[in-house]
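Keep the structure open while you go through them.

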Amino acid sequence: MNKESLTQAVRLAQTGNREAMERLMTYAYGLVDYQCKKLLPSSQAADKMTAVVLKAAIAKLDTLENPEEFFTWLGRLTAVRCMRVRATLLETGQSGESSQQVNYSFPGMELNKAETAKVAEMLTDLLPEDMRLNLYLYSLGGLPPKGIAGLTGVPEETVKEQIQSAQSAVLKQMKRYADQGVKFTQANSLPALLRTRMLLNPAPEKAQLVVYSLLPQPQRRPPAAPRQSQGQQPQERPAQAYPAEKKDESGLIRVLAVIAALLGLVLLAVGVLALKWNVGLTGFLIGGILNVIGCGQDKKAVSGVPWNVILMVLGV
């Protein structure tokens with residue numbers, strides 16, 4: 001990603017373009033990962049801090065006023081967070097000394113810019129810890145000596161001397177290689193070579209997955225209703241049932257059935273006692289009327305009569 005495309009990606013990401021933000025942070029993963037591994041004592045701590053820095057970069061990207069200063073802004077953001085964690089790790093007893101052995105063989109006598117930057121990195125890693133740390137903070141983080149002094153607690157003049165001594169030691173060794181016939185490319189500025197080495201650090205395969213997990217997930221829209229063709233009438237929705245109203249209606253019917261049955265009993269008593277009606281015929285007639293208008297459930301009533309009663313009535 002060149003400078004122009006990077007600036008464009010930053011501007012698009014600041015407008016809320018998710019695709020641009022994902023592409024920008026995936027590219028930034030390699031830069032942050034490289035710097036964290038140079039400033040923290042262990043690879044495990046560097047991996048965790050890389051995700052933390054990227055999450056902070058996503059949240060604070062809107063505060064970046066000049067998109068062209070993205071490298072410097074990201075470097076300082078990484079440096080400040082790494083130094084805070086580094087102090088905590090060293091207080092708990094974790095050493096800042098690297099256990100990796102530096103081994104580099106020259107591919108030839110004429111080195112391009114990337115190969116020259118790798119030699120500069122190798123020689124920088126061989127420096128004493130204080131000199132190496134300050135040089136990386138100055139070169140990769142873009143911090144001035146005063147800012148480095150505030151992070152490390154070392155006086156500003158001491159920081160300046162350590163940075164100058166570190167650059168002199170690396171460039172002196174590179175000059176010895178040059179005297180032996182090795183030709184370097186653009187070896188006049190050590191901070192520029194270290195930044196080049198950082199820019200050439202490829203993002204690992206897991207970078208895209210980590211960035212995707214850090215970005216806010218897009219909201220899913222509900223499926224759109226199917227469009228109706230011209231001339232097609234809209235389908236009527238089935239009428240919704242109202243169980244509460246049905247329940248009220250059935251209760252009212254039961255009350256009316258009970259009232260009708262009581263009136264039938266009263267009519268039977270008055271007709272038999274006062275009017276001398278035939279009790280069997282009158283009871284049969286009233287029961288038939290109540291059954292016709294739905295006041296009784298004849299099947300349920302018959303099923304509840306014992307068999308001995310039915311047999312007695314039938315005369316069997």
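**Exercise 1.** Find out how far apart the closest N and O atoms of E110 and K183 are, and where the two residues sit.

*Solution.* 
- Step 1: E110 and K183 make a salt bridge, with the closest N and O atoms 3.9 Å apart. That term stands for a side-chain nitrogen of Lys or Arg within 4 Å of a carboxyl oxygen of Asp or Glu.
- Step 2: Helices here are DSSP runs (H or I, at least four residues), numbered from the N terminus.
- Step 3: E110 is exposed at 59% relative accessibility, and K183 is exposed too, at 52%. The cut-offs, using a 1.4 Å probe and protein chains only, are under 20% relative accessible area for buried, over 50% for exposed, and in between for partly exposed.

A word on the ground rules: this is a predicted model, where local features need pLDDT of at least 70 and side-chain atom pairs count only at pLDDT 80 or more, while totals for chains, interfaces and linings use all residues. Residues are numbered from 1 along each chain as its sequence is written, and side-chain values use heavy atoms, leaving out hydrogens and water.

**Exercise 2.** Say how many salt bridges a search of the whole structure finds, then look at D125 with K38 and R86 with E129.

*Solution.* 
- Step 1: The search of the whole structure gives eight salt bridges.
- Step 2: In one of them, the side chains of D125 and K38 meet at 2.9 Å, N to O. D125 belongs to helix α5 (residues 113-125) and K38 to helix α2 (residues 18-39), 87 residues apart.
- Step 3: D125 is partly exposed at 24% relative accessibility, whereas K38 is buried at 18%.
- Step 4: For R86 and E129, the closest N and O atoms are 2.2 Å apart. This pair also links distant parts of the chain, with R86 in helix α4 (residues 70-91) and E129 in helix α6 (residues 129-139), 43 residues apart. R86 is buried, at 6% relative accessible area.

**Exercise 3.** Work out which residues form one aromatic cluster with Y27.

*Solution.* 
- Step 1: Rings of Phe, Tyr and Trp (its six-membered ring) pair if their centres lie within 6.5 Å; planes under 30 degrees apart are stacked, over 60 edge-to-face, and the rest tilted. The count by this rule is three aromatic pairs.
- Step 2: The ring centres of Y27 and F71 are 6.5 Å apart and their planes are at 55 degrees, so this pair is tilted. Y27 sits in helix α2 and F71 in helix α4, 44 residues apart.
- Step 3: F70 and W73 also make a tilted pair, 5.9 Å centre to centre with 40 degrees between the planes. Both F70 and W73 are buried.
- Step 4: Put together, Y27, F70, F71 and W73 form one aromatic cluster.
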